[in-house]
Amino acid sequence: MKKRKRMLSAALAAAMCVSLLAGCGAGGGSADSGDGEKVTIKILSHWSEGANEESDIALQMFDDFMEENPDIIIENEAVMGDEIRDVVATRIAAGETPDIWQFGCRGSLVDFYNSGILGDLSSSYFAKSGKVSLDNYTQATLDGVSVDDVVCAVPKYKAVGVFMCNSELFEKYNLDYPETWEEFLHCGEVFRENGITPTNIGSKGGNPSHFWHSELINQYNAGVTDIENLSTNLDFTSEAFVKAAERCQEMRDKGMFSDDVTATGDWDPSIAYYNEGLSAMCYTFSFAFEGISDEMVEKSVIIPVPELPDAERDTSTFMQGTVNECYAVNQESMEKKEEAMIKVLDLISHDLILECAKKGLLVSVDSSIQDQVDLSRLESPMLKKALEYHEEHQTEASPMVWQNLPAASLQADYQSYLDELWSGAINADEFTEKCQKMCDDYKSQQG
Amino acid sequence: MSHLRKHKGKAFLGFVVPTLILYTVFVIVSIAISFYYSLTDWNAITPPVFAGFKNYRNLLRDTDFWIVIMNTIKQLAVVLLTSVPLGLVFSYLIFRTRKMFKVYRFVAFLPVILSASAVSLMFTLVFNGDFGPVNSVLSFLGLEELRQNWLSDPNIVLFTVMVPMVYQSTAITTIISLAGIQMVPDDVLESAMIDGASSVRMFVNIVVPMVKNITFTNIILMTSNVFKSFEHSYVMTWGGPGVRSSYLSVYLYQESFQKLNFGKGSAVAIIVLSFALLFSVLFNGVRRFRNRED
């Protein structure tokens, strides 16, 4: 009896460990049809009270909107960062698919599109919207929110990339801004000798390393098409990909990254690293500009990414920075609550973006909105500086590896392997091998 | 007599059945559902598709999974070899303290009430290889060669993320052991003191054997904590680089929620259950054996 009791207690205690996952019951996605006469639109977003200026504007707009449209209730639920992917997945599993959610582009949308949760928005939204038109977006932007050439999400904003140098440190060590790879490595050597980390490019969860990796691949003509075709051919062994991985390894070996690449990885730590004067060069994007002080903006000089010795493209003409986020729209909600959905989508895709773009909180991918933005009146000095640079050089957005990977699992693995490459856990060959294996496994799973 | 038995039966039904129902629904059924999901291909978006033991086969072939298993076992070894004995030693030191006993007890308990995420964040800054105080102190002491990339070096990072776990676990074992030591009869300790036993001898020959069962409780508790541990690794390094600092629960999270492989994630959950069962049975077996020997 005692023995049985002991066994039972051990089994029950251990059983607690797995009850975690089972809470996610399967269920079909369904849209809330509203509360009586009223229609409820559920949004999963990054907008939480007091989080940032964009959030405050959005939440105020929702209140005003609901006053003007008493028959529509907007239920906004804030979820921070990439956690939104987890929350959406569990909501769908529980049969509580939100109507609209803020999401990553392209590859992030594939699973949802293939399962029928996302659908063609060309006719259901864009053709009927009074404020947003497909004609206002570039093809590259639309590609970012399309799966199988079907536009299944509404583009939100674009990430504006910069590579910049701390002019004070360059002057102090009598260095010119690097144009070539050799000059870049030489600057790194000088900074290292003087106890300064050359760049702020760390890698935690593949940030910001995956942007840099794509930046290097794009220096080759074939690299551009290799990335564009990645979603279908899933090839990590092309010459451009291999060379880019080798250059990343070279940077690591020559001390171009911080010592502790995980600690300086991800956006906020990497920008703080540069802002504190611990690194001489900075590679970052507009969503991290808030972390750069005005003093550092003044010291910073934006330059093109240094050219690789065998680069085939002029790096002053392109940079990472395509559509970075979108609104994923539940197709079922679009059918059941069309009028309310269109109104709310117009509010968050046009009115909100216009307001934020005018304040310099983001850069719209909608040309009709961006045309209304007066650069000279932007409140963010860093964004102003970045936009002036891109306007002067007429830079184009270059394709991104991460966005072109067709599944969340591939994106997560790719980011994880970049962390390993950056930290020295694997070399460039092993990185290529692991990435290719993940692609081959995915292909075989897809049949 | 039969009247009493009848009432006992009713009381049994009244107290046990509701709990049994809740436990069955929320634990047993959940485990059964998890097991079913572990036999499917499921991304949480489309309906699950039965795939047999494919997820388990894939896990066994996955080198990352084996790294994670080894990480978890190493963590278990480190926590058991440090937190349990240290807790016992600290609790004895506090017990022997005549002045400010309550203050020391409170200080020892402090790490338990701090959130694991907050503690992990603190240690992230402490171990920052570029400007963290650990490397700064090493440099200050002229021990430059001991400076490490604590959060990035694949050979070290696992042990770095174990530090906050050990820190908090030791606080738990200290408090539990202290409660055990306080139950040791005063006359036993007083007799030993009168006989001239030193503090160390009293600890080794009286306290340790008399709190043996408490120590086993600590071992079981720490084992269960290790299999559940998530925050320290995830907050400090996201389990990286790669999976170098991932434990089973971090790996489960990554597979289920980041990669949307809920089938594979459920298979990991079932494996965690199996490990927890295995170790519980193992430690209970050791305890029974020791008790029989005594």
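User: How many disulfides does a search of the whole structure find over all chains?
Analyst: This is a predicted model. A disulfide is a covalent bond between the sulfur atoms of two cysteines. To count here, two cysteine sulfur atoms must lie within 2.5 Å. Over all chains, the number of disulfides found is 0.

User: How far is the sulfur of A:Cys356 from the closest cysteine sulfur?
Analyst: A:Cys356 is buried, with a relative accessibility of 0%. The closest cysteine sulfur is in A:Cys326, and the gap is too far for a bond. The distance is 17 Å.

User: How do the rings of A:Phe236 and A:Phe241 pair?
Analyst: The structure holds 47 aromatic pairs over all chains. In this one, the ring centres are 5.1 Å apart and the planes meet at 80°. Planes over 60 degrees apart count as edge-to-face. The pair is therefore edge-to-face.

User: Over the ring of which residue does the charged end of A:Arg313 sit?
Analyst: The charged end of A:Arg313 is 4.1 Å from the centre of a ring. To sit over a ring, CZ of Arg must be within 6 Å of the ring centre and within 35 degrees of the ring normal. The ring is that of A:Phe318.

Key: Residues are numbered from 1 along each chain as its sequence is written. Chains are lettered from A and ligands numbered from 1 in the order in which they are written. This is a predicted model: local features need pLDDT of at least 70, side-chain atom pairs count only at pLDDT 80 or more; totals for chains, interfaces and linings use all residues. Side-chain values use heavy atoms; hydrogens and water are left out. Buried means under 20% relative accessible area, exposed over 50%, partly exposed in between (1.4 Å probe, protein chains only). Rings of Phe, Tyr and Trp (its six-membered ring) pair if their centres lie within 6.5 Å; planes under 30 degrees apart count as stacked, over 60 as edge-to-face and the rest as tilted.
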